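Please look at the sequence and the 3D structure below. The report that follows goes through them part by part.

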There are 2 protein chains.
Amino acid sequence: MMQTDEQAFLQHYDKTAYDTPLVTVDPVLFTYHEGQLNVLLVQRSGHPDRQMWGLPGGFVDLQRDATLEDTALRKLREKTGVEPPYLEQLHTFGNATRDKRSWSVTVCYTALIAHQECAAHIATVTDVRWVSMAQLATLPLAFDHGMIIEHARARLRQKALYSIVPAYALPEKFTLPELQQLHEALLGKPLQKKSFRRRIEQAELLIDTGEKRMDSGGRPAALYRMGKESGAYTFVRNLEA
Amino acid sequence: MMQTDEQAFLQHYDKTAYDTPLVTVDPVLFTYHEGQLNVLLVQRSGHPDRQMWGLPGGFVDLQRDATLEDTALRKLREKTGVEPPYLEQLHTFGNATRDKRSWSVTVCYTALIAHQECAAHIATVTDVRWVSMAQLATLPLAFDHGMIIEHARARLRQKALYSIVPAYALPEKFTLPELQQLHEALLGKPLQKKSFRRRIEQAELLIDTGEKRMDSGGRPAALYRMGKESGAYTFVRNLEA
DNA sequence: TGAATAGTGTCTGTGAGACAATATGCC
DNA sequence: GGCATATTGTCTCACAGACACTATTCA
């Protein structure tokens with residue numbers, strides 16, 4: 001059977017003939033713990049920017065990763081031992097100077113997870129830790145990762161205005177006051193209890209587990225969990241910025 | 001002067017030692033013309049998918065492009081002769097199978113421009129043309145570009161609900177009925193004149209040029225142009241989806 | 001004057017903001 | 001009961017939807 005032009009082309013195609021940027025994937029994994037938004041950072045063991053703290057990312061592995069999401073999830077598994085319930089592409093940063101080695105492109109993701117989900121795994125190592133947003137400025141950050149984290153935080157803040165996506169940074173079961181506190185932390189301002197609850201109830205986003213949490217010394221709060229499509233839901237009317 | 005560890009590392013770093021994906025940038029350039037949303041397509045002259053129609057993108061040129069945006073703008077200039085007034089990153093698609101040559105990553109952008117801005121340049125060539133959304137299905141599309149265009153259209157549709165970004169697909173001066181028709185085309189349903197005008201007026205997004213357009217056989221419509229930050233403005237309350 | 005299109009007046013309904021009032025646990 | 005926190009009642013206000021009405025051009 002005769003070969004087509006394209007088959008001949010592909011057989012002789014030498015992709016090393018083109019100069020191509022380095023390609024990494026960098027997930028920004030957030031969690032909410034003790035009133036603070038935290039981001040997962042890793043201390044770099046190799047050059048460049050050795051010893052500095054950076055995102056838990058790395059190069060795409062053409063053999064093991066079928067997609068960019070695979071790379072993101074693989075790196076997160078390596079550092080946390082688990083996969084996050086929320087992963088969404090954030091932005092791709094690429095230019096000639098962000099990596100000293102070469103023209104470099106990083107495809108960034110925002111990921112959210114409950115603090116306790118990775119607590120056990122992280123406790124076993126010293127080069128992976130949660131860093132609160134307030135602490136961030138005190139650490140030496142690799143590459144442009146500080147800017148990327150800020151970008152991710154700003155986007156999550158926006159989502160707090162028109163969705164309940166931040167809930168994925170809480171445990172599977174959580175109370176409405178907890179979720180509201182998280183949103184308040186993201187927005188940097190208090191919210192009206194009534195407004196916050198009303199919109200979530202009307203959209204039927206959360207499922208009442210029937211359980212109550214009674215640690216905090218007052219009336220017990222109802223424990224909810226996320227509904228099936230609740231992460232994808234967007235309110236038609238936003239909270240005030 | 002003594003070399004640091006990192007300097008030594010960088011001097012001996014051989015980036016060809018790593019297997020890296022191909023990196024392209026693919027802008028989805030839309031315009032609005034004669035009641036239709038149109039997308040700019042290019043007939044491919046080389047393999048793979050030769051003769052098929054695709055987005056006006058290409059490889060990052062490590063020498064000429066300082067950033068990914070540079071690549072996007074360079075490719076658009078090559079095909080249209082001009083730069084669009086709106087360019088925003090859309091999404092990055094990357095997997096092992098989308099390009100027959102290799103694991104491939106494409107950083108996609110949504111761009112908007114007035115139809116007449118590139119009319120002159122496009123008229124001189126046969127391998128670049130505007131294709132209406134309705135015509136799209138009739139053309140053989142290269143790679144996964146059909147999916148990417150659909151993704152871009154869906155995002156622009158969303159923006160029509162909470163911003164006036166689509167206005168960049170119109171000429172510099174345009175009327176409110178024209179903008180409303182564009183939004184209606186994107187949303188696939190009629191909108192209330194009053195609501196549409198009211199929100200734009202209250203947010204002071206458009207500047208009245210004082211001129212009128214009087215071609216359409218009825219009362220002349222006021223000509224407006226975009227305000228300085230109007231593209232970045234988002235309404236707190238969306239139109240109904 | 002009538003057709004065609006642009007632009008306004010105004011009513012209704014929804015839902016966020018504000019904040020007071022009530023409920024439910026613990027000691 | 002008193003404290004702390006959760007949950008609800010209810011008023012106001014901004015603004016999108018609906019649709020009738022007026023305004024301005026041309027033939």
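Which of the 25 residues around DNA strand D come nearest? They are Lys193(A), Arg197(A), Ala222(A), Arg219(B) and Arg237(B).

## Basis of the report

This is a predicted model, in which local features need pLDDT of at least 70 and side-chain atom pairs count only at pLDDT 80 or more, while totals for chains, interfaces and linings use all residues. Residues are numbered from 1 along each chain as its sequence is written, chains are lettered from A and ligands numbered from 1 in the order in which they are written, and side-chain values use heavy atoms, with hydrogens and water left out.

## DNA strand D

Of the atoms of DNA strand D that come within 4 Å of the protein, 59% belong to sugar and phosphate.

Helices and strands are DSSP runs, numbered from the N terminus: helices are H or I with at least four residues, and strands are E with at least two. At least two residues of the surface near DNA strand D come from each of α7 (193-202) and β10 (221-226) of chain A and α7 (193-202) of chain B.

Polar contacts are pairs of N or O atoms within 3.5 Å; within protein, one must be able to donate a hydrogen and the other to accept it, and residues adjacent in sequence count only if both atoms are side-chain atoms. The side chain of Arg197(A) has an N or O atom 2.9 Å from a phosphate oxygen of DNA strand D. Two side chains of chain B lie beside base nitrogens of DNA strand D: an N or O atom of Ser195(B) is at 3.2 Å, and one of Arg219(B) is at 3.3 Å.

## DNA strand C

DNA strand C is surrounded by 27 residues, and the closest are Arg198(A), Arg219(A), Lys193(B), Arg219(B) and Ala222(B). Sugar and phosphate make up 56% of the atoms of DNA strand C that come within 4 Å of the protein. The surface near DNA strand C has 13 charged, eight polar and six nonpolar residues.

Which part of DNA strand C lies 3.2 Å from a polar side-chain atom of Gln202(A)? A phosphate oxygen does. Another phosphate oxygen contact involves Glu240(A), with a backbone N or O atom at 3.1 Å. A polar backbone atom of Gly217(A) is 3.2 Å from a base nitrogen of DNA strand C. The elements that give two or more residues to this surface are α7 of chain A, and α7 and β10 of chain B.

## Where the chains meet

Contact here means heavy atoms within 4.5 Å. Chain A gives 40 residues to the contact and chain B gives 40 residues. The size of an interface is often given as the accessible area lost when the parts come together. Buried area is that loss (1.4 Å probe), summed over both parts. For chain B and chain A the figure is about 3,800 Å², with 62% of it on carbon and sulfur atoms.

Between chain B and chain A there are zero salt bridges, a salt bridge being a side-chain nitrogen of Lys or Arg within 4 Å of a carboxyl oxygen of Asp or Glu. The interface has 11 residue pairs in polar contact, both at pLDDT 80 or more. On the side of chain B that touches chain A, α1 (5-12), β1 (22-33), β5 (86-99) and β6 (102-112) each supply at least two residues. β5(B) gives the most, with seven residues. The residues of this side divide into 19 nonpolar, 11 polar and 10 charged.

## Sheets

Two strands pair if DSSP finds at least two bridges between them. In chain A, three strands form an open antiparallel sheet in the order β8-β10-β9. Its edge strands, β8 (174-175) and β9 (206-213), each pair on one side only. β9(A) and β10(A) are joined antiparallel over five bridges, and Arg213(A) has Ala221(A) in β10(A) as its bridge partner.

Chain B has an open sheet of three strands in the order β8-β10-β9, with antiparallel pairing. β8(B) and β10(B) run antiparallel and are joined by two bridges. Thr175(B) is opposite Leu223(B) in β10(B).

## Backbone details

His47(A) and Pro48(A) are joined by a cis peptide bond with omega about -10°. Pro48(A) lies in the loop between β2 (36-43) and β3 (53-54) of chain A. A cis peptide bond with omega about -10° also joins His47(B) and Pro48(B).

Methods:
Near = heavy atom within 4 Å. Buried area = accessible area lost by both parts, 1.4 Å probe. Nonpolar A, V, L, I, M, F, W, Y, C, P; charged D, E, K, R; others polar.
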